[in-house]
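Please consult the structure alongside the text.

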Amino acid sequence: MKSQSIPLTNDQIVELAPAAGAINPHETVSDRYSFVPTIEAVDLLRSVGWQPVHVKQSGTRKNDRSGYQKHIIRFMQGALSIDQERVDLVMTNSHDRGCAFQLCASIWRKICGNGLMVSSKLFNFSHRHVNFDTTSFLNSAYQIAEGAGDIAVQANDLKAIDLSPNEKDVFAMAAHKLVYDDIEKAPILPSQLLEERRYDDQGNDLWTTFNVVQENIMKGGIYGSKQNANGHIRRVKTHPVKSIDRDVKLNKALWVLTEEMARLKS
């Protein structure tokens with residue numbers, strides 16, 4: 001994995017996510033579709049201070065979609081660092097009608113390299129390919145940069161909220177339900193989502209709890225057990241979240257859960 005603090009060139013972006021280098025849209029798009037190459041959007045964001053530092057693309061089961069599928073790029077501005085975190089911009093796009101250009105704010109944690117997506121409507125923007133407006137697109141990028149201070153304040157507020165052991169358990173149970181539809185068949189217990197991976201993540205505040213749970217869900221690697229069709233119990237390990245759609249959905253849901261816990265505590 002490339003470091004998420006060293007800017008990528010366009011060639012590196014295309015090497016890591018070929019769909020980002022598409023020079024035309026998928027053949028099924030309508031005549032109204034305004035094709036804007038992802039690399040052109042990257043250059044637009046560079047022009048206002050956002051540097052691309054990480055990229056990945058989703059898999060596809062249809063061969064004709066390969067090279068056009070959804071991809072996601074993380075951008076940073078060096079000045080937007082807050083303590084051990086950094087406010088980033090995340091852009092999602094595809095060239096097969098899979099999604100519009102989507103820009104959202106994200107907090108990248110330096111100690112673990114994990115990205116937390118901010119769910120607030122104030123920092124989430126969608127720009128359709130039809131009649132794509134460059135000015136509006138750049139205004140969204142400006143708003144995310146200008147909102148970094150507010151995001152930092154919110155993060156600090158979460159750090160000041162202490163949770164009791166019971167409250168941490170409730171938070172973990174709610175997060176667990178976001179991941180597993182059938183709780184009884186889940187390979188791990190909610191309490192396992194609270195297990196810290198490093199010394200720096202020891203703490204009872206809401207921000208730390210949120211980060212520990214989020215990392216355990218997104219990176220996987222937690223050992224549990226699962227019963228097969230024959231009734232035999234086998235040892236398993238949770239998988240990291242690789243799907244872009246699931247990554248974004250879970251990240252934003254966890255942010256909402258954390259905001260709701262903060263609201264209840266206050």
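The points below are grouped by topic.

This is a predicted model, in which local features need pLDDT of at least 70, side-chain atom pairs count only at pLDDT 80 or more, and totals for chains, interfaces and linings use all residues. Residues are numbered from 1 along each chain as its sequence is written, and side-chain values use heavy atoms, with hydrogens and water left out.

**Cavity**
- A search of the whole structure finds 1 cavity of 30 Å³ or more (a set of points on a 1 Å grid over the protein atoms alone where a 1.4 Å probe fits but cannot get out).
- The largest cavity has a volume of about 40 Å³, volume being the space filled by probe spheres set on the points.
- Its lining (residues with an atom within 4 Å of a point) consists of K168, L194, E196, D201, G203, T208, T209 and V212.
- Helix 6 (residues 206-219) gives the most to this lining, with 3 residues; helices are DSSP runs of H or I, at least four residues.

**Nonpolar cores**
- The largest nonpolar core has 61 residues, of which W50, L89, M91, F137 and I217 touch the most other members; a core joins buried (under 20% relative accessible area, 1.4 Å probe, protein chains only) Ala, Val, Leu, Ile, Met, Phe, Trp, Tyr and Cys residues through side-chain atoms within 4.5 Å.

**K237**
- K237 is found in strand 8 (residues 233-237); strands are DSSP runs of E, at least two residues.

Conventions. On a 1 Å grid over the protein atoms alone, a cavity is a set of points where a 1.4 Å probe fits but cannot get out, and a pocket is an open set with protein on both sides within 12 Å along at least five of seven lines; lining residues have an atom within 4 Å of a point. Buried means under 20% relative accessible area, exposed over 50%, partly exposed in between (1.4 Å probe, protein chains only).
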